[in-house]
Amino acid sequence: MTETTSNDSETITTTQQQSGAKNDSNKGPESIYTVPLLKLIKEAQQQHGLRHGDYQRYRTYCSSRLHRLRKVLHFPQGDRKGFKKREVTLDNLKDEKFIYLPLIQAERAWAYAMQLKQESNTEPRKKFHLIARLRKAVSHTIHLEYICQSPLCDARTKLEAQAYSAWMQGTLFFELQEWKQASEKLVLSQTIYEKLASALNEDEQILYKQRVEELNPNLRYCAYNIGDSSAQQDLLNMRSKGGKSELDALIAQTREKQAASLLEVTWRGRTVPVRLEKIRVFLLAYQGLDASLGKANDCDAKLSAYETILLDCKEAIQSLKEDLAAVAKTKVDVQTSQLGSQQYLLSYLTFLRATLTIDRNLVMVEVFQKNFAAYQSGESKKVAKPQEGVKLYEAIVQLSGELQQLQGMENDKKFQNDLELLTKVFKAFRCYYMALTCQGNRQWAEALALYQRAETYINQSEGKKLGDSEFTKYSRVGQDLAHLRSLVNSGKCAAHAQNILGVEDINAAMSGLSVRSKKSLCLRLDEFVEDVSLTSATPNVIKLPPTMAPVPCKPLFFDLALNHISFPSLAENMENKKSTGAGITGFVKGLWGWGGKK
């Protein structure tokens with residue numbers, strides 16, 4: 001067994017050297033194929049049996065897919081006359097789907113080996129067949145690595161093929177109990193996957209980090225079997241042995257391509273990728289919003305700019321929600337402790353939509369305040385009611401509440417404190433316009449209570465500053481609190497006076513009063529009113545007939561004690577009575593036949 005293993009090791013090394021030599025001799029055009037090998041095989045495994053450990057089902061799927069691929073690519077192995085083996089080479093690599101052929105062949109052989117491993121618990125002879133299938137899988141992965149070293153493949157594909165080949169070789173050496181060689185290959189695979197995880201975006205990092213964690217138990221077991229306490233550290237120092245600079249160069253190329261193909265957004269110290277086109281369009285438009293507002297000459301132009309950007313934001317949020325819903329339907333289980341990058345991006349877009357809506361409403365408030373002041377002073381005949389201000393500030397308060405409940409921002413104290421301060425400021429303005437509305441309806445008590453509530457909000461928020469950079473643009477709203485306080489004080493005094501008087505125009509109210517009372521004299525004996533009708537022919541002394549008044553009904557009494565009384569027995573008296581009646585009269589009746597029945 002040991003001699004065979006050594007030969008296998010030499011064969012693998014020789015093949016890799018030949019692959020490297022061929023790769024060096026074939027340098028050509030710019031890389032065009034990007035094949036995420038690990039993502040492809042993980043999704044296929046989860047959807048076709050390995051979620052439940054059914055390797056036979058997965059092997060069947062691999063065979064069917066190979067047949068379909070060869071049919072689509074017009075790359076059959078032989079014809080009706082016989083079988084003719086055809087391998088993928090650099091010359092016929094005209095489509096990235098050709099890379100799938102050795103990948104799926106390796107997966108099919110590996111799945112068969114894992115199936116045999118399960119069966120070898122009861123049938124030890126299948127261990128030899130298992131080793132044979134793993135060797136077949138290794139040969140396919142080495143061929144895959146050789147193909148991916150082509151200039152037609154990008155840096156990421158090369159790294160993935162190298163990591164996958166090292167992992168398959170490490171698995172073979174692990175089954176052969178060649179612990180040192182298995183450790184070398186597994187450490188190399190783990191290193192490449194760690195480098196790839198650091199180079200890719202947050203969404204794609206999860207699969208690679210999971211693969212790194214999956215390799216840790218095998219590495220620890222190999223280190224244990226080697227027997228040297230420093231063996232594990234030595235293996236870690238062997239990472240990228242002889243090719244560290246080349247690996248770093250490939251990682252740099254991968255990062256450059258990711259930066260070119262993905263737009264990243266940084267919000268509150270976290271960077272997330274943006275893949276959807278509608279979101280990119282919105283973010284680019286949002287970056288030019290300040291320039292558009294600067295060119296706006298009046299409030300109508302500003303409102304038009306806000307409406308346009310809000311429409312783009314709505315479409316971006318809708319497209320992201322649809323994408324998240326589609327991802328949620330996939331069968332691949334991904335668990336992460338922190339908020340997902342796309343969920344975080346959704347929170348960011350929701351934040352932008354809310355703040356942009358608040359900005360638009362503040363422009364509308366500015367227009368309303370000008371019209372309201374002109375209407376009150378008589379300069380304009382256009383009616384401006386305080387209810388419009390109530391609606392605008394009510395919408396702003398609701399948007400502030402949505403921002404406080406934004407997913408991922410629950411524990412951000414600075415963010416929450418500034419939102420709470422802004423909410424109190426907006427509520428103060430809302431209460432002021434609600435009080436004006438109540439005054440217009442002559443609800444003096446309600447108006448006075450609302451003025452007092454507005455004054456409370458002003459006291460709680462006046463003098464405080466916004467510390468978060470996201471909300472510093474609303475500092476001007478806080479500066480208007482001093483003017484609002486003067487308006488609230490004047491309105492409170494007016495409402496208080498009107499509440500005491502109870503009427504708005506005393507002279508008009510007094511002129512309409514009548515001294516004569518319509519009540520009868522018997523109903524107002526405790527009141528003195530000069531009533532001339534009392535000395536007339538028809539005095540209003542009492543109303544006849546009197547008004548019907550409800551009276552209580554006569555109560556009903558129930559003898560409840562009767563149910564609990566036990567009367568004495570009268571059986572003795574009744575027997576004496578019966579014997580007395582049956583004397584001489586009964587004898588005579590019986591003698592002469594009287595009293596008999598006819």
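Predicted model: local features only at pLDDT ≥ 70, side-chain atom pairs only at ≥ 80, totals over all residues.
Student: Where is His74 found, between which helices, and is His74 buried or exposed?
Tutor: His74 is found in the loop between helix H3 (55-72) and helix H4 (97-119), and its phi, near 55°, is a positive value in a residue other than glycine. The relative accessible area of His74 is 67%, and since the cut-off for that class is over 50%, His74 is exposed.

Student: What is the value of phi at Gln177, and in which loop is Gln177 found?
Tutor: Gln177 counts as exposed at 54% relative accessibility, and its phi is near 65°, a positive value in a residue other than glycine. As for its place in the chain, Gln177 is found in the loop between H6 and helix H7 (179-199).

Student: How many aromatic pairs does a search of the whole structure find, and what is the geometry of the pair formed by Phe174 and Tyr221?
Tutor: The search of the whole structure finds 23 aromatic pairs. One of them is formed by Phe174 and Tyr221, with 5.8 Å centre to centre and 50° between the planes, and this pair is tilted.

Student: Why does the pair of Phe174 and Tyr221 tie together parts that are apart in sequence, and how many residues apart are they?
Tutor: Phe174 lies in helix H6 (residues 155-175), whereas Tyr221 lies in helix H8 (residues 202-226). Phe174 is buried, with a relative accessible area of 17%, while Tyr221 is partly exposed at 40%.

Student: Over the ring of which residue does the charged end of Arg59 sit, and over which ring does that of Arg211 sit?
Tutor: The charged end of Arg59 lies 4.1 Å from the centre of the ring over which it sits, that of Tyr112. For Arg211 the distance from the ring centre is 4.7 Å, and the ring belongs to Trp167.

Student: Which elements give two or more residues to the lining of the largest cavity?
Tutor: The structure holds three cavities of 30 Å³ or more, and about 100 Å³ of space lies in the largest. Its lining includes Leu40, Tyr58, Arg65 and Glu107, and the lining residues divide into nine nonpolar, no polar and two charged. The elements that give two or more residues to this lining are helix H2 (37-47), H3 and H4.

Student: Which element gives the most to the lining of the second largest cavity?
Tutor: The second largest cavity has a volume of about 40 Å³, and among the residues that line it are Arg70, Phe75, Glu87 and His143. The lining divides into four nonpolar, two polar and three charged residues. With three residues, the element that gives the most to this lining is H4.

Conventions: Residues numbered from 1 in each chain as written. Heavy atoms only, no water. Phe/Tyr/Trp six-rings, centres within 6.5 Å; stacked < 30°, edge-to-face > 60°. Helix = DSSP H or I, 4+ residues; strand = E, 2+ residues; numbered from the N terminus. Buried < 20%, exposed > 50% of the residue type's maximum accessible area, 1.4 Å probe, protein only. Lys NZ or Arg CZ within 6 Å of the ring centre and 35° of its normal. 1 Å grid on protein atoms, 1.4 Å probe; cavity = no way out; pocket = protein on both sides within 12 Å on 5 of 7 lines; lining within 4 Å. Points joined across faces, edges and corners; volume = space filled by probe spheres on them. Nonpolar A, V, L, I, M, F, W, Y, C, P; charged D, E, K, R; others polar.
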